[in-house]
Amino acid sequence: MAALDPTGRLYNEDLAPATERKWSSYSFFAVWMSAIHNIGTYTFVAGLFVIGLTGWQVLAAILIGTGILFFGMNWAGRMGQQTGVPFPVMARISFGIWGANVPALIRAVIAICWYGIQTYLASMAVVVLLLRTDPDLERWQNQSFLGLSVLGWACFLLLWVLQLLVITRGMEAVRRFQDWAGPIVWVVMLAMAVWLFALADWHLPMNMSIKPLAGGDVFRGVLTGAFLLVATYATMLLNYCDFTRFAKSDRAVIRGNFWGIPVNFAAFAAISITMTIGTVVVFGEAITDPALILAKVPNTFALVLGAIMFIVATIGVNVVLNFVSPAYDLANVWPKHITFRRGGIISAILALLVMPWNLYSNPVVINYFLGGLGAFLGPLFGIMAVDYYLINRGAIAIRDLYRSDANGTYFFRKGVNRKAIAVFVPTASLAAIMALVPGLQAVAAFSWPVGVVTAGLAYYLAMGRHAKRADLATEPDGDLMPVE
């Protein structure tokens, strides 16, 4: 296959179709535990309660959102399981062999920035833990360098190195890590929930609301919460094939998704909303950060153990959501010299150089830069899904994904599918406007589905007359991967 790529810009062993398929249903279940069991998800669920939804209404929003996410991930996952290729190679089908760098680099920038931010947030938990166990370390908090204290730098670099050790050992190391990193958080969450439940005299009213909504506001609040949940995990819709390419079967992906998304997410949300209501009953206010709840635990040993588990959980979500993708995305830019391992190292270095503590403290960067790029994910997924399932009908000429000559199926015009770009730009702009313009806050949560539908429909119309494009390679020579 490498012979088809004399330029060295399309192929290396990490970007080649996966040959070892070891990931089982539990592997994908564990992926979702790592992605969901974290402080960010708890804060999201608690935030829905704070805006006025009752506990039952929050769970309704979660069930709707996870239902949409479940079916979307099945589609995205099947693309990877059937072809065995990672996301940036998958993008070549619709954007062209060189045009695929557009969605790949957009995904990489988002992931690298959030990787740095998540590492910083986890390091702050380490700082709190160290100060609790040794108050004398406070003096290192009073000295700073480039906007971060000396103690903060030490903790940040510690977590930075630990994560790098996982990812640079390859995808099998990622699988082994997330097999236990996700489940471990259940221990501390259940323990805190029982503790709060006991303090509340074993009664927590799930119909409680601190800002009661009525009529249409309830319906709008539930739908808003559902689509915000989908948008939060939209990054995984794009690059889920980075994981499912190693799946034993399509059934393994679907079963793992079922237990990991609607079932697991609903259970975690139930614990989260129970704890949030518990903080209102016990402390008189809704505490939306589980680390702050943990800080109220009087037992130092329990505090230390809980903090360590949350740190492990943050590493888990960071590796799954924000590290695997840019490693492949950067490898796609220059496969001859950048492997998955080198792409991971480059991603980690860039995440350090952007000084994420400054990004996190800047609302403009978070809302407009990262939020704007996030709005692009819906149109990208819409284009890729329509191209795979409706235009190509699942029949992909695998070898042509690595061909750099003009006769390749996915060469289009000079390696770029200009129709895909022409559809992406206006639909992504529409999604970004909906997500970012202050006057459109009421519809901001729906920017992702609007982006998916408008881009998918426009792309299908634009490519309609080329709907038989995959038929260019009709001989059953092993190069086609049809959806069964």
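Analyst: Happy to! Let's start with Asp250, which pairs with Arg78 in a salt bridge whose closest N and O atoms are 3.5 Å apart. The term salt bridge here stands for a side-chain nitrogen of Lys or Arg within 4 Å of a carboxyl oxygen of Asp or Glu. Because Asp250 sits in helix 12 (residues 250–283) and Arg78 in helix 3, the pair ties together parts that are 172 residues apart in sequence. Helices are DSSP runs of H or I with at least four residues, numbered from the N terminus.

A word on the background: this is a predicted model, in which local features need pLDDT of at least 70 and side-chain atom pairs count only at pLDDT 80 or more, while totals for chains, interfaces and linings use all residues. Residues are numbered from 1 along each chain as its sequence is written, and side-chain values use heavy atoms, with hydrogens and water left out.

Back to the pair: Asp250 counts as buried because its relative accessibility is 16%, whereas Arg78, at 22%, is partly exposed. The cut-offs are under 20% relative accessible area for buried and over 50% for exposed, with partly exposed in between (1.4 Å probe, protein chains only).

The whole structure holds five salt bridges. Another of them joins the side chains of Asp405 and Arg403, with 2.7 Å from N to O. Asp405 has a relative accessible area of 26%, so Asp405 is partly exposed; Arg403 is partly exposed as well, at 21%. Through shared partners, salt bridges link Asp400, Arg403 and Asp405 into one network. Lys22 and Glu20 also meet through their side chains, at 3.5 Å from N to O, and Lys22 is partly exposed with a relative accessible area of 45%.

Helix 3 (55–83) brings us to Thr54, which is placed in the loop between helix 2 (39–50) and that helix. Thr54 is buried, with a relative accessible area of 14%. Leaving out residues up to four places away in sequence, Thr54 touches Met206, Asn207, Met208 and Ser209, where contact means heavy atoms within 4.5 Å.

One more buried spot is Ala104 in helix 6 (residues 101–133), with a relative accessible area of 0%. Beyond neighbours up to four places away in sequence, Ala104 touches Phe87, Pro88 and Asp329. Ala104 and Leu440 are 336 residues apart in sequence, and their C-alpha atoms are 28 Å apart in space.

Key
Helices (H or I, at least four residues) and strands (E, at least two) are DSSP runs, numbered from the N terminus.
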